[in-house]
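Let us read two features of a protein model together. Have the viewer ready.

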Number of protein chains: 2
Amino acid sequence: MPDKLGGKKITIKDIAREAGISPGAVSQILNDKPCRISDEKKRKVREIAAKHRYVVNQTARALVTQRSYTVGLILPDIQNTFFSKLAKVLEETCREKGYFLMFANSDDSFESDCKLLSRFESRGVDGIFFIRSNESYQYEEQLSRRLQKMAVPYVIVDRPFFGFACDHVCFDNRLGGYQATKYLLEKGHRDIACVYLDDKRGNGANRLAGYLDALREHGIEPEADRMITGDNRIQGGYNAVEPVLKSGATAVLVCNDMMSLGFLRGLQERKYKVPRDMSIVSYDDSLREFLLDITLTTVTMDLDLLAQRAAEVMLGRIEGKRIRAQEIYLEPVLAVGNSVRRKKD
Amino acid sequence: MPDKLGGKKITIKDIAREAGISPGAVSQILNDKPCRISDEKKRKVREIAAKHRYVVNQTARALVTQRSYTVGLILPDIQNTFFSKLAKVLEETCREKGYFLMFANSDDSFESDCKLLSRFESRGVDGIFFIRSNESYQYEEQLSRRLQKMAVPYVIVDRPFFGFACDHVCFDNRLGGYQATKYLLEKGHRDIACVYLDDKRGNGANRLAGYLDALREHGIEPEADRMITGDNRIQGGYNAVEPVLKSGATAVLVCNDMMSLGFLRGLQERKYKVPRDMSIVSYDDSLREFLLDITLTTVTMDLDLLAQRAAEVMLGRIEGKRIRAQEIYLEPVLAVGNSVRRKKD
C-alpha cells in the first residue's frame, strides 16, 4: 500500500531532511528544473522520493502559478461519434501542451450548460471548450448574460453564437448545405427535399439556409412541403420518408447522419432503392464503415483541424496573448459516394 | 472582461473587507456551509462576489482537504463506441458524487499506459479508472511492478489483470464466449468457427476459452483451422472470411462488432447471405442501429452497471473504507437477433 494510504503523506520537507539539502533544492530536482546540484545528490533525492512514493503535487503548484493546467470540455453527448472524435483530438492536443482535459455531458440541455459552466469555473480550470446544447438556441439572451459573467476564458466550438463577440471555432454549415444542394442540382435534380433540425439559429437552420441559397441561385422557388423538420436522430429520419415521397422529390438532402440512417431504413421497408428510386446527400460522414451496400455522398468536416484550431485559440487566450475575439469558420467538403444518380429529363 | 484577466484576481479577504465581516465567514457563505450568519449578510457577500466575479477556488480547497475531487480515466480510445458509452456513464456517476472526470487516450499502447498513470499521479487525482491497453497483456510483469508503486487508488475496469490483487470491475468474457457458442450448438450447428483477438490473457483470449468450453461440453474436439485470429478491427473480420469458409464452418462466433462488420462485408462481396449461407453470433451489441438488413445475435454487456459498480468501488477506495481488493465480474447476456438459422441434418 502506498504511504498516502498507510500513514502520513510524505512532503518535500521530509525528503529534504533525509537528503540533507534544502526543500527548495528538492523541489527543483523533482520538478526537473535546471539547477546546480550534483548528479549524485539528484539521484539520492530521487531514490528517497521513490522509496516513499512521493509524487509531485501539482495542486500546490497550481496555487503558486495561478494555473491549474486543466481545461474543461462541455459537450452534448460523448457517445455521438462526431463529438467523441472531437474530444479525442482535443485531449491529445491539450496533452501535448501540458494540459489535462475534463469533460462533462450536457445531454443537449440548456440548464446543464449553465450548471456545467459554473462547475468548471468553481473548479478553477484555465479555460472551457464549450459546445453549447441545441436547446440553448432557444435562450440566446440568457446565454449571452451568462457568458458575459464568465470569469475564465472559453471558446465556443462547433455550434456558433452568431452576433455574440467571443472566440468561435466552428464549421460553415450554410456553405455545407449549399455545396450538397448544388451537387444535386448539377446532377439534374430540381425536385429536392431537405430534412433538417429546426434549431432557430443553430447548425440545422444554417444547413437549410444553404439549401435555400443553392435553389434560389438556380432559379428554383423553394416549396414548403419539401422542407421537413427532424430531430437529428434516427426516428426523425424515418418519419421524414413519407412526407419526402409525397412531395414528389427525386433527391433529398438529409442534414445529419443519424437521420440518414432512419431515412434509409424507411426507404428499405418500402422497397425503394438508393440511388435508383431516390438520390441522397447526407451530412457528417460518420457512417462510412457501417453501411454495407451504400457509400453516401456526404458533407465532411475536418475534425482534426477543428480541434487543433480550437486548442490554439484556447491556449492563446489562456496565455493572455489576445484581446479581440477570434471567429473562425472552417469550410466543409463534399465527398462523393454512390447515393446520387444523374437525373435524365 | 472578467477581473482575472483585467487586473488582480479578487480574494476572499477582499470580499471580507468590503462586506465588513471575517474572511472565514465569507468562505462559509460562498462554500454553502451551514453557518450562523444573517440572510441579509449572506446576500450582501454574494452580491459583492458576483460584482467582482469571484469564483470559489477549489484548488485552494483541495490543498486543505487533501482531495482534488478529480478522478482520472485512462482508456484505449474514446472513439470506440463501447468506451465512449462507458466514459459517459462514468462521468455522470462521478459528477453526481461531486467528482470531476479527466480522461486520456492510450491508443492501446503500453508505453502510454505507464506515462498516463504517472501523469495522473503527479496531477494529484484522487483515483484512476484504468482500462489497460491490449498491448499491456504482453507486459504483465512490468505492469505489475508499475501498479505496485502506485501512490493513488486505482480500479481496473473492463480488461482484467488476472492473478494481480487489486480492485477489478470487468465482465466475464469467458462466460460470454460460452453463451454464444452454446446457442449455436443448440441451433444444431457443430461446425463452428471462432474469430478472436489473440491477446494472451485478455478479453479476446477469454472469449475463445468460452468457445472451447462449450464445444468440449458437447463432445466436439476443436479444430485448429476454425480458430482464426483477428485484430478487433474491420479489416481483421474481412480477412477472416476466406479461412472461415475454407474450414467448412456453418456458423461463426465473431468476438467483436468491428470484426463482424468486416466479416459481413466480405460475405456480401461473395454473395453469401446471412443467415442463409452462414450463421453469425457477434459480441458487443454496438451495431443495432447501423445494420439495415440484419439484426445480429450478439453478446451484450450492461455498461451502465459496469460504470456504476466501478464508481462505487472507486469512491469506497478514495474514502478509505476498504483494505481488501474487490474483484467484480459481471455476467454478459445473449441477445437474439436474426443472424442465426437452425441447421437441419
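The dialogue below covers a helix pair and the cysteines of this predicted model.

Q: At what angle do α11(B) and α12(B) pack, and how far apart are their axes?
A: Look at residues 234–246 of chain B for helix α11, and residues 257–269 of chain B for helix α12. They pack at an angle of about 50°, with axes 6 Å apart.

Q: Which word describes how α11(B) and α12(B) lie to each other?
A: Angles of 65 to 115 degrees count as roughly perpendicular, and those under 35 as roughly parallel. The two helices, α11(B) and α12(B), are therefore oblique to each other. The crossing of α11(B) past α12(B) is right-handed.

Q: Which residues of α11(B) and α12(B) meet?
A: Contact means heavy atoms within 4.5 Å. From α11(B), the residues include B:Ile234, B:Tyr238, B:Val241 and B:Leu245. From α12(B), they include B:Met258, B:Leu261, B:Phe263 and B:Arg265. By class, the contact of α11(B) with α12(B) has eleven nonpolar, four polar and two charged residues.

Q: Where is the closest cysteine sulfur to that of B:Cys194?
A: In B:Cys255, at 3.8 Å, too far for a bond. B:Cys194 is buried, with a relative accessible area of 0%.

Key: Residues numbered from 1 in each chain as written. Chains lettered and ligands numbered in written order. Predicted model: local features only at pLDDT ≥ 70, side-chain atom pairs only at ≥ 80, totals over all residues. Heavy atoms only, no water. Axes fitted to C-alpha atoms, helices over the stretch in contact; angles between N-to-C directions. Helix = DSSP H or I, 4+ residues; strand = E, 2+ residues; numbered from the N terminus. Parallel < 35°, antiparallel > 145°, perpendicular 65-115°, else oblique. Left-handed = near helix turned anticlockwise from the far one by under 90°. Nonpolar A, V, L, I, M, F, W, Y, C, P; charged D, E, K, R; others polar. Disulfide = S-S within 2.5 Å. Buried < 20%, exposed > 50% of the residue type's maximum accessible area, 1.4 Å probe, protein only.
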